[in-house]
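I opened my notebook today to look at a new fold. Here is the picture I worked from.

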Amino acid sequence: MNLHHFRIAVTDLFLARSCSGCSALGTLLCPLCQAALLPRPGVHEFLVHSGLQWLPTAYSGAYQGVLRRVLYTYKDHHIPELADQLSPLLAAAISAVRDHAGAGPLIRVVPVPSRRAAIRRRGFDPVHQLLRSMERRQLGSHGVIAPWLQDLRGSGASKRLDRSSRLQASSAAFVATPDVVAGTDVIVVDDIITTGSTISEAARTLEKAGCQVRGVAAIAHTL
Ligand SMILES: [Zn+2]
């Protein structure tokens, strides 16, 4: 363990014993901060464009205050246990955009994959962890999880693709996996929407693979 990892381990030890929202000691999330994480999903029509169409976009809160601190702790202090505290916010956003689209409970939910380097650093993929938590806790009829996107950013992964996939992927951040089913209705999900360019790129990749993207959903949006 080098000094960097030792520092993270000590920080994690401290954070695991303090509220990720307000630093109160003795709990990962105190009742007050838990109450502040109440989902308030809204659907926004003109936030994310895939290149083909505007995509109805739902998120459960602004990336600020308690929500920002808890999400930051979850992702950047590597506390996967917080997935259970955050997954209801993602489930609420998915339900909001699914209802808006008039889609059924079997709509496919496609996560935006993390960068490989980030997964190595954190030891987990935050969005996958949230979706697993939603499944385990059976939060609403949130759709069927379909990990149909592969991350290409900075990975050299495109070298392993065949020629046509490589041409398609030459300037792309993502590529659709071979098990993607053309003609399927999908919702694309991420944890945080910042400029919208990442989730837009993910949606565009799925549209090129023949999917009908009915909307996008996230926990938070940076206003
Ligand atoms: Zn707190």
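My entries below go from the sheet to the helices and then to the core.

**Ground rules.** I am reading a predicted model, where local features need pLDDT of at least 70, side-chain atom pairs count only at pLDDT 80 or more, and totals for chains, interfaces and linings use all residues. I number residues from 1 along each chain as its sequence is written.

**Names.** I take helices (H or I, at least four residues) and strands (E, at least two) as DSSP runs, numbered from the N terminus. I call two strands paired if DSSP finds at least two bridges between them.

I looked up the strand order and found an open sheet of six strands, 1-2-8-7-3-4, with mixed pairing. Strand 1 and strand 4 (144-145) stand at the edges with a single partner strand each, so one side of each has no neighbour in the sheet.

**Two pairings.** I checked strand 1 (residues 42-49) and strand 2 (residues 54-62), and they run antiparallel, joined by five bridges. His-49 sits opposite Trp-54 of strand 2. Four residues lie between the strands of this hairpin, and Gly-51 there takes a positive phi near 105°. Strand 7 (residues 185-193) and strand 8 (residues 212-221) run parallel, with eight bridges. Asp-190 has Ala-218 of strand 8 as its bridge partner.

**Helix 4.** Next I followed helix 4 (residues 83-101), which packs on the sheet and touches strand 1, strand 2, strand 3 (108-111), strand 7 and strand 8. Its direction makes about 145° with that of strand 8; axes are lines fitted to C-alpha atoms, for helices over the stretch in contact, and angles run from 0 to 180 degrees between N-to-C directions.

**The core.** Which residues have the most contacts inside the largest nonpolar core? I found Leu-90, Ala-93, Val-188 and Ala-217, in a core of 58 residues. Helix 4 gives the largest share, 10 residues. Such a core is a set of buried Ala, Val, Leu, Ile, Met, Phe, Trp, Tyr and Cys residues joined through C-beta atoms within 7 Å. A residue is buried if 20 or more other C-beta atoms lie within 10 Å of its own, exposed if 12 or fewer, and partly exposed in between, with C-beta atoms placed from the backbone.

**Thr-73.** I found Thr-73 in helix 3 (residues 65-76). Thr-73 counts as buried because it has 23 C-beta neighbours inside 10 Å. Ser-20 is 53 residues from Thr-73 in sequence, yet their C-alpha atoms are 6.2 Å apart.

How values were computed:
Two residues are in contact if their C-beta atoms, placed from the backbone, lie within 7 Å.
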